[in-house]
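Have a look at the fold before reading on.

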Amino acid sequence: MIERIVIIDNVDPLCFYGVNNANMQLIKNLFPKLRISARGSVIRVIGEERETADFEARIKELSAYAEQYNRLSEDVILDIVKGEAPKEQKNDGVIIYGINGKPISARTPNQQALVETFGANDLTFALGPAGTGKTYIAIALAVRALKNREARKIILSRPAVEAGEKLGFLPGDMKDKIDPYLQPLYDALEDMIPAMKLKEYMETKVIQIAPLAFMRGRTLNDAIIVLDEAQNTTVHQIKMFLTRLGMNAKMIVTGDVTQIDLPRSTQSGLVQALRILDGVPGVGRVEFGKKDIVRHSLVQRIVEAYERFDRAEKAAAEASRAAADSHTE
């Protein structure tokens, strides 16, 4: 009799063991000659050498499946333990499998263009109106790179620009004041990574979410870095951010130049960066439009209504200036 220890540290224990340890109980039933105990990411098994070796091989297969698809069903367990290949999942266009095996993929041609542009460039700009999925796809690409071990960490950032409420009037310490600005990034991650695994990643700083100001002085190596709401960066802030790029790292910068919350006298760093970096090798750019909006259908109509309003306001302002000029003459 020998004892083997199998580590399943790359998969979420809840996903692997199942609700109320249902998956683990099934595995124990399928290996009746072995004494099996599991705690956290460690599985101990005692039995004959050949049977424990077979058990370890099957557990590693199950772990790899659960890590890739974020789910582990009874049928899959039975197939793998019997030595049969599980039914193939449809992988066409899937970036990653989110919570409960939900496939996350590009839903519009421009979202697919972002996937391809990210693969071909070290710095990618994703531009477009609210609801086009640019931030969501960017974070999915970052999570995929982490899962595939193409990067060792994910760094997500946003400028903490005040749009109505003053930071000083929000309750709590600095983290409490900053977190509301970063919540959309947390929301996307919670859709893609099981809660226990996400908590572990955050505690070990494999995934870091921080305001833009916290990026100063850092060199970001072996990472996927996403800057969201970049239209609200100043000229100096975006230059500082872009020059953080280190070895074996990639950046995605998302923004909507029609929703700038900076003071009127302050130029958007994103607008200037797009102009300066146009045509630079290694820099990609994807522009989303109203047709890419994947939120509630009303969002597209809201965006269109605001565009019509802005055009009317601009036309009225130009007419007013022309009338003033003619009166002066």
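A contact here means heavy atoms within 4.5 Å. With that in hand, and keeping in mind that this is a predicted model, take the contacts between residues at least 6 apart in sequence: 70% of them join residues at least 24 apart.

The protein has eleven helices and eleven strands, and its C-alpha atoms fill a box of roughly 105 × 40 × 40 Å along the principal axes. Of its 329 residues, 45% count as buried.

In what order do the three strands of the open sheet run? The order is 1-3-2, with antiparallel pairing. Strand 1 (2–7) and strand 2 (35–39) are the edge strands; each has a single partner strand, so one side of each has no neighbour in the sheet. From one strand to the next, the twist averages 15°. Helix 3 (residues 49–69) packs on this sheet and touches strand 1, strand 2 and strand 3. The direction of helix 3 makes about 5° with that of strand 1.

Why can strand 7 be called largely enclosed by the rest of the structure? Five of its six residues are buried, so the rest of the structure largely encloses it. Strand 7 pairs with strand 8 (residues 207–211) and also with strand 9 (residues 223–227), in the parallel sense in the case of strand 8 and likewise for strand 9.

Here are the pairings side by side:

| Strand pair | Sense | Bridges | A facing pair of residues |
|---|---|---|---|
| Strand 2 and strand 3 (residues 42–47) | antiparallel | five | Ile 36 and Val 45 |
| Strand 7 and strand 8 | parallel | five | Ile 155 and Gln 208 |
| Strand 7 and strand 9 | parallel | five | Leu 156 and Val 226 |

As a reminder of what holds such pairs together, strands of a sheet pair through backbone hydrogen bonds, either parallel or antiparallel. Both senses turn up here: strand 2 and strand 3 run antiparallel, whereas strand 7 and strand 9 are parallel.

Notes. Residues are numbered from 1 along each chain as its sequence is written. This is a predicted model: local features need pLDDT of at least 70, side-chain atom pairs count only at pLDDT 80 or more; totals for chains, interfaces and linings use all residues. Side-chain values use heavy atoms; hydrogens and water are left out. Helices (H or I, at least four residues) and strands (E, at least two) are DSSP runs, numbered from the N terminus. Buried means under 20% relative accessible area, exposed over 50%, partly exposed in between (1.4 Å probe, protein chains only). Two strands pair if DSSP finds at least two bridges between them. Axes are lines fitted to C-alpha atoms, for helices over the stretch in contact, and angles run from 0 to 180 degrees between N-to-C directions.
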